[in-house]
Amino acid sequence: MKSTKSNNLFIKAKKVIPGGVNSPVRAFKSVGTTPRFIERAKAAYLWDVDGNKYIDYIGSWGPMILGHSHPSILKAISEKAKLGTSFGAPTELEVKIAELITKMVPSIEMLRMVNSGTEATMSAIRLARAFTGRDKIIKFDGCYHGHADSFLIKAGSGAATFGTPDSPGVTKSTAADTLNATFNNIESVKKIIADHKSEIAAIIVEPIVGNMGCIPPKPGFLEALRAICTKQKIVLIFDEVMTGFRVSAGGAQELYGIKPDLTTLGKIIGGGLPVGAYGGKREMMEMVAPNGPMYQAGTLSGNPLAMAAGFEMLSILSKNKSIYKKIERASNQIEEGFKDNLRKLNLDFVVNRVGSMFTLFFTDKKVIDADSARSSDTKLFGPYFREMLDNGIYLPPSQFEAVFVSSAHTDEMIDKTVGANFKSLKAVLHLMK
Ligand code: KE4
């Protein structure tokens, strides 16, 4: 596939944008090829500026569960745009989408709209700190909650439970308030709580991890988190920016029947436009300004165009639960096809899947946490990614991201994808250790 125009654009982009992209993962840094500059998208297809066509499994990193350029979402945006784009004042649609979300996700009694998942998670931990009067938070090694300082903290070395900054510019004092536990390891959580009695404001978790690649919770893990938080009066925050409305209409909390205290949302909630939200128990949310003392604000929060896209997306999902059955069937077809290919090639790589989120890990270890995910052969992932791209399959350009299937992925596309997977694995076999 030629990529002349993308290559030329990338050269120009790197002169005026850091790394040539407006979000790092888009730079294809870990897969050793030039990012494709996308011109347009429709259903499950993308076309790049060189005219190449791809079956898309990124879906804008989650929002495109109904496929791209969905007619009624485009219509909702264009109709709303005729009435103006932003007022900086309350609108009826904000009330309607908030009411719809509180119906779809019953643990959310009240919510506040923001403009990204990062804003949602940073606001949620501020609220948890305000509500409890405590400073520290527990996150899980390998989970990603956006780029706020409190989250860019990697696990301390060895037994140290104190985190260390995972990026220059994050201060040591900020890092001291973020403690890293191990996903799927409840003992690691108990140890941190024992070491930091009554200092912990919140535990924030991706209930199904997408940011180490897809890692499901072990049976009982989320239940144990819920029990510990209830007992210790720690705020349990489910970061459902990725899983919200993705794995079911009520998110991971509906799938696993767990009620968090606060939930953060993003991606699908905006129907492809910039929207995040945080919400949960009324007694907590009432603390948010202007009702209460916890400050949080945003010029474009609840923006009419974004609300129009999000309300249409959520309305479709809430009224047509059969969409989830359709996506489940398609995702299962891909998973079984990939596993068939692995058997034929005598490879024991791991496929983790929950609903329409899945990851093929280039490792033979069960992937249950950050360490096991990191045992993947990332040197092999790059050539595999490039083979798939050349076969017209557009995967997330990192071993540590989830693949997303939409309701627009057809049987024909899935057959092509499974076929490309076999060809690509075969092509890189010689590189395997
Ligand atoms: P945003 O600020 O990117 O809207 O959301 C941050 C965020 C928070 N929580 C979870 C569970 C998330 O997955 C994300 C963002 N996800 C990444 C993809 N893994 C966004 C892609 C990117 O950074 O460009």
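Student: Is Cys143 buried or exposed?

Tutor: With a relative accessibility of 6%, Cys143 counts as buried (under 20% relative accessible area; exposed is over 50%, partly exposed in between; 1.4 Å probe, protein chains only). The model is predicted: local features need pLDDT of at least 70, side-chain atom pairs count only at pLDDT 80 or more, and totals for chains, interfaces and linings use all residues. Residues are numbered from 1 along each chain as its sequence is written, and side-chain values use heavy atoms, with hydrogens and water left out.

Student: How many disulfides does a search of the whole structure find?

Tutor: The search returns zero disulfides, a disulfide being two cysteine sulfur atoms within 2.5 Å. For Cys143, which is in no disulfide, the nearest cysteine sulfur belongs to Cys214, 12 Å away. Cys214 is likewise in no disulfide, with the sulfur of Cys143 as its nearest. Cys214 also counts as buried, at 0% relative accessibility.

Student: Which strands hold Tyr54 and Tyr394?

Tutor: Tyr54 is in β3 (residues 53-56) and Tyr394 in β15 (residues 393-394), so the pair ties together parts 340 residues apart in sequence. Strands (E, at least two residues) and helices (H or I, at least four) are DSSP runs, numbered from the N terminus. Tyr54 is buried, at 0% relative accessible area, and Tyr394 is buried at 10% relative accessibility.

Student: Which residue lies over the face of Trp47?

Tutor: Arg40 does, at 3.8 Å from the ring centre (Lys NZ or Arg CZ within 6 Å of the centre and within 35 degrees of the ring normal). Lys344 lies over the face of Phe422, at 5.7 Å from the ring centre.
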